[in-house]
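Take a look at the model below.

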Amino acid sequence: MTAPTVFVLSGPNLGRLGTREPEVYGSDTLEDVHAAVQREARDLGLVADCRQTNHEGELIDWLHEAVDVGADVVLNPGAFTHYSYAVRDACAIVTTSGRSLVEVHLSNPAAREEFRHTSVVAGVATGTIAGFGLQSYLLALRALV
């Protein structure tokens with residue numbers, strides 16, 4: 001039996017982790033996040049397909065792909081969280097198809113600038129985990145099992 005695949009998707013600017021505002025996002029790089037996710041997924045009997053993009057359309061295509069292959073999703077939409085109705089609609093396709101989608105954030109958007117307080121994704125996500133740094137991704141994987 002093949003282990004279930006989970007898409008672990010990260011949006012814009014997350015490829016700059018480790019150097020981008022370390023006082024907010026920590027010193028872990030995206031490679032560190034992906035390595036930890038891969039270890040945790042393996043321990044949970046999952047296969048993690050980790051991807052990052054700065055491009056809205058590519059992220060939407062990956063969400064559609066998750067539906068097509070029957071994968072659950074861990075998603076850090078980055079700035080798309082706050083304004084991308086196209087990403088929100090693609091997330092809704094995931095959850096209305098019977099798959100789970102956990103929105104994650106390294107920092108706690110509610111404790112930051114006011115424009116970060118609203119997530120257009122949260123209303124269609126299965127759940128949201130925020131504020132635990134790299135652990136947010138690992139908690140999301142655990143939530144899926």
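Is Leu106 buried or exposed? Leu106 is buried, with a relative accessible area of 7%; buried means under 20% relative accessible area, exposed over 50%, partly exposed in between (1.4 Å probe, protein chains only). This is a predicted model, in which local features need pLDDT of at least 70, side-chain atom pairs count only at pLDDT 80 or more, and totals for chains, interfaces and linings use all residues. Residues are numbered from 1 along each chain as its sequence is written, and side-chain values use heavy atoms, without hydrogens and water.

Leu106 sits in the loop between strand 4 (101–105) and strand 5 (127–130). Helices (H or I, at least four residues) and strands (E, at least two) are DSSP runs, numbered from the N terminus.

Asn76 belongs to strand 3 (residues 72–76). Asn76 is buried too, at a relative accessible area of 3%. Its contacts (heavy atoms within 4.5 Å), beyond neighbours within four places in sequence, include Leu9, Ser10, His105 and Leu106.

Strand 3 has parallel partners. Strand 4 pairs with strand 3 over 3 bridges, and Val73 stands opposite Leu101. Pairing requires that DSSP finds at least two bridges between two strands.

UniProt (unreviewed entry) places the feature "binding site" at Asn76, His82, Asp89, Leu106, Ser107 and Arg116. They spread over 41 residues of sequence and up to 23.6 Å between C-alpha atoms. Such annotations may be inferred rather than shown by experiment; feature names are shortened and positions use the numbering here.
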